[in-house]
Amino acid sequence: MRIDIITCLPSLLESPFSHSILKRAQQKGLVTVEVHDLRDYAQNKHRQVDDYAYGGGAGMVLMIEPIMQCLDHLKSERHYDEIIYMSPDGEPLTQQVSNQLSLYKNIVILCGHYKGVDERVREHLITREISIGDYVLSGGELAAAVLADSVIRLLPGVLSDETSALSDSFQDNLIAPPVYTRPASFQGWKVPDVLLSGHERRIQEWRYEQALKRTQDRRPHLLE
Ligand code: SAH
């Protein structure tokens, strides 16, 4: 899979893809993440990518020309399954959305900044808008990193144990059961006996019961 991220603050996206699972996924060639600096596509020598909003008011708006230039460049090189704009009022990001995107070959993620992007970008240049929640961030970069992370970890081979993404919360409409590691007793706080029993079937049953209970308590709508 290939993920192209368009941003006016590329340095914000350096760290999220340079560590741990996401780094290894790229090293193994399972995903390519390319970050594009919008300023490289600016139309004037000041590398300006934003301007004042028509009608007045505080806050700058990302201009359509550099975004269009960048997208034209990318689209001339390959077909994109989806061109996504990160937006607080977009479709809410869920595990289902991540699952669907993980089946695609190439996607673009556009990060807004300041007041957002010229509305004509949203109307004419992008195919989908995704929000990571009903709150407002300063820019789309952290949201893009969240989206990309949730998608990349689903790609076959990215997690060392192929089944481990399948047992995560939401994957089967259940919240993940509790997990424990050593020591078996800490200040008298004990790990449930069943997990130490070595009895595979009973452990699986316990995990399923716990997942069900947790889902009932915390996300009952998933069971509907
Ligand atoms: N004025 C806009 C917010 C702009 S926030 C409004 O009120 O809706 C600046 C940028 O941050 C946005 O263009 C978007 O790309 C990103 N962003 C902010 N909150 C986000 C969220 N919850 N999900 C995804 N992207 C978000």
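The accessible surface of this chain comes to about 13300 Å², and 51% of that belongs to carbon and sulfur atoms (areas come from the Shrake-Rupley method with a 1.4 Å probe, and for residues only the protein chains shown count as cover). Keep in mind that this is a predicted model, where local features need pLDDT of at least 70, side-chain atom pairs count only at pLDDT 80 or more, and totals for chains, interfaces and linings use all residues. Residues are numbered from 1 along each chain as its sequence is written, and side-chain values use heavy atoms, with hydrogens and water left out.

**Overall layout**
- The C-alpha trace spans about 70 × 40 × 35 Å along its principal axes.
- You'll find seven helices and nine strands here (DSSP runs numbered from the N terminus: H or I of at least four residues for helices, E of at least two for strands).
- Domain 1 covers 2–152 and domain 2 covers 169–223, with bounds from an automatic or database domain assignment.
- The centres of domain 1 and domain 2, taken over C-alpha atoms, sit 37 Å apart.
- Of the 224 residues, 40% are buried (buried is under 20% relative accessible area, exposed is over 50%, partly exposed is in between, with a 1.4 Å probe and protein chains only).

**Salt bridges**
- The count comes to 13 salt bridges, each being a side-chain nitrogen of Lys or Arg within 4 Å of a carboxyl oxygen of Asp or Glu.
- Arg 153 pairs with Asp 168, with the closest N and O atoms 2.6 Å apart.
- Both Arg 153 and Asp 168 lie in the loop between helix 5 and strand 8 (185–186), 15 residues apart.
- Arg 153 is partly exposed at 26%, and so is Asp 168 at 22%.
- In helix 7 (residues 200–218), Asp 217 and Lys 213 are four residues apart, about one turn of the helix, and their side chains meet in a salt bridge (3.5 Å, N to O).
- Asp 89, Glu 119, Arg 122 and Glu 129 are linked in a salt-bridge network.

**Around Ser 131**
- Ser 131 lies in strand 7 and is buried, at 3% relative accessible area.
- A polar atom of the Ser 131 side chain lies 3.0 Å from the backbone nitrogen of Gly 133.
- Leaving out residues up to four places away in sequence, Ser 131 touches several residues, including Pro 88, Glu 91 and Leu 93 (contact means heavy atoms within 4.5 Å).

**Around Tyr 135**
- Tyr 135 sits in the loop between strand 7 (128–131) and helix 5 (141–152), and is partly exposed at 44%.

How values were computed
Polar contact = N/O pair within 3.5 Å; in protein donor to acceptor, adjacent residues only side chain to side chain.
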